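Please look over the chain shown here.

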Amino acid sequence: MKLLTASLLALSLAPACVRAQDTAALNKLTDSWPTYNGDYSGRRYSPLTKINTATVKQLQPAWNFRVETTTGGGKRISATPLEVDGVLYFTVPSHVWAVDARTGRKLWQFDWASKGGETIGNRGAAVLGNTVYFETEDCNLVAIDRTTGKEKWHASIGNPDQFYFGSVAPVIVKNHVMVGISGDDFDNPGYIEAHDPETGALQWRWYDHPNPGDPEAKTWPNDEAMMHGGGMTWVAGTYDPELNLYYFGTGNAQPVINGLARLGDNLYTSTICALNPDTGKLVWYFQPNPHDTHDWDAVQTPVLIDGIIDGKHRKLVAQASRNGWYFLLDRATGKNLLSTPFAMQNWTLGVSKNGSPIPNPEKMAHTNGALVSPNQAGAANWYPPSYSPQTGLFYVPAYDAYSVYYIYDNNKKPEGWAGNDRGGWSEASLRAFDYRTGKVRWNHKWPSSGGRSGILTTAGNLLFTGDTTTNLVAFNAANGTILWHAGLGSIVSNGPITYELDGLQYLVAAAGDTLYAFVLR
């Protein structure tokens with residue numbers, strides 16, 4: 001949907017001082033992994049082919065690197081490592097490492113003295129020129145010298161005393177460091193903002209709620225509910241340089257489960273948004289999850305696809321949303337082209353004329369409970385999906401599940417969660433479907449419903465992901481046949497990456513507190 005007006009904190013823009021070549025590698029992935037999703041598209045698809053269906057069984061362990069620094073959130077590596085100029089950069093809360101991508105040898109370690117915040121995890125860093133950027137749990141954006149590992153500057157991105165915290169991997173877009181914010185326990189609005197890469201100065205901040213008086217404000221019962229409505233921006237976005245649009249999803253509304261005090265669709269929570277990164281102005285939006293009362297949000301990666309729909313070349317954006325629905329949009333306008341379930345779901349009455357699912361009031365939380373599918377963990381979650389232009393398939397770690405949602409705070413003005421769910425039956429799968437239709441092409445059901453992992457696809461017709469126990473697994477991306485696996489010490493806890501150095505292709509994945517590297521020699 002096109003936006004008429006938007007909520008924006010306008011601040012002066014810093015000079016455009018970033019060299020074009022510094023961000024050119026982010027436009028199309030080659031032999032490195034320079035940003036969270038590999039490139040701007042969010043596809044997590046590598047063009048490397050030395051590791052392929054014929055050679056994958058020849059993969060050998062190259063090295064591993066174990067995190068030994070204890071943090072408040074433990075040592076689990078949720079971050080996608082970046083590979084730039086033969087060096088890997090990765091994070092856990094409060095810490096950043098640079099390690100040799102060939103050997104795993106530590107080059108430097110940066111430690112941040114946190115003053116609070118939530119240490120649930122950290123999803124990674126960004127690199128531009130000689131600088132590494134990451135968010136701290138106490139709401140700072142920190143710039144680190146790539147060579148020395150020493151701090152250059154830090155800038156506030158939020159107030160941890162208001163239960164905001166930092167966990168999102170920044171994304172470099174031209175002369176902007178794009179950062180999101182996390183938090184889910186207090187009735188504060190979510191936002192996204194841009195910082196100057198040289199100084200850290202705030203360029204603009206966009207709050208994900210309408211301004212009072214905007215047409216979209218009518219999706220809330222009153223301005224007070226709207227201005228305190230949540231909508232955190234948990235996951236790094238994607239970017240189209242030709243359209244100059246930055247795409248990201250927003251989180252659930254507040255209160256999280258009891259929505260009786262915020263009747264309406266609650267824009268722009270649980271919404272896919274397209275912003276102009278130079279101004280912070282909203283260009284269009286589409287809401288996958290109106291009036292979210294299940295903590296499903298819509299922050300899953302908006303994947304950019306250049307495809308053919310009805311015989312026409314289209315610029316598309318696709319999302320497998322946590323609520324069990326798959327959406328395909330025109331990424332220039334936000335027009336909905338497809339809305340269809342990709343997993344088990346029972347919470348809708350149908351689809352509105354603009355493509356958004358229509359919530360069924362009977363499947364919202366009640367004091368005596370409501371049986372709902374999917375469960376709170378969602379049919380998908382933050383774990384990165386992948387799209388392979390080679391197969392035309394969209395891949396997602398999918399869950400079919402039921403749980404009982406209930407309300408425990410029935411006040412007229414509840415705060416926080418005000419309800420919860422209790423899980424029941426669940427089944428985990430790796431699911432591949434046609435990006436144009438949402439029709440499942442193949443589905444690999446895991447033997448248990450344990451953890452989830454991100455996904456990597458390659459031009460070698462391979463898909464790499466973790467199973468629900470402790471294995472890193474390679475599939476034939478076209479038909480779902482398992483070709484190789486390696487037992488690791490824990491569940492694969494991030495999205496695997498691949499890169500090539502000195503003619504050798506490497507595969508790297510994290511499992512718990514350890515990075516594992518494999519190589520084809």
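## Overall fold

Of the contacts in the chain between residues at least 6 apart in sequence, 60% join residues at least 24 apart. The model is predicted. Its secondary structure comes to two helices and 37 strands. The radius of gyration is 21 Å, close to the 24 Å that the globule rule gives for 521 residues, so the chain is as compact as a globular protein of that length. Along its principal axes, the C-alpha trace spans about 60 × 50 × 50 Å.

## Burial, surface and charge

Buried residues make up 65% of the 521 residues in the chain. The chain exposes about 18200 Å². Carbon and sulfur atoms supply 50% of that area.

The side chains include 41 positive and 47 negative ones. The centres of these two sets lie 6 Å apart.

Strand β36 covers residues 504-511. It is mostly covered, with seven of its eight residues buried. In a regular strand, side chains alternate between the two faces of the sheet.

How many bridges join strand β35 to β36? There are five, and the two strands run antiparallel. Strand β35 spans residues 497-501. Its residue L501 stands opposite L504 in β36. Two residues lie between the strands of this hairpin, where D502 takes a positive phi near 55°.

Strand β36 also pairs with β37, residues 514-520. Seven bridges join β36 to β37, again in an antiparallel arrangement.

R123 lies in the loop between β7 (106-111) and β8 (126-128). Is R123 buried or exposed? R123 has a relative accessible area of 13%, so it counts as buried, the cut-off being under 20%.

Which residues is R123 in contact with, leaving aside its neighbours within four places in sequence? The list runs to Y36, S78, A79, T80, T91, S167, A169, W234, V235 and W382. K28 gives a separate distance: R123 and K28 are 95 residues apart in sequence. In space they are 21 Å apart, C-alpha to C-alpha.

Note on methods:
Residues are numbered from 1 along each chain as its sequence is written. This is a predicted model: local features need pLDDT of at least 70, side-chain atom pairs count only at pLDDT 80 or more; totals for chains, interfaces and linings use all residues. Side-chain values use heavy atoms; hydrogens and water are left out. Buried means under 20% relative accessible area, exposed over 50%, partly exposed in between (1.4 Å probe, protein chains only). Helices (H or I, at least four residues) and strands (E, at least two) are DSSP runs, numbered from the N terminus. Two strands pair if DSSP finds at least two bridges between them. The radius of gyration is taken over C-alpha atoms; the globule rule is 2.2 Å times the number of residues to the power 0.38. Contact means heavy atoms within 4.5 Å. Accessible areas come from the Shrake-Rupley method with a 1.4 Å probe; for residues, only the protein chains shown count as cover. Lys and Arg count as positive and Asp and Glu as negative; His and the chain ends are not counted. The place of a charge is taken as NZ of Lys, CZ of Arg, CG of Asp or CD of Glu.
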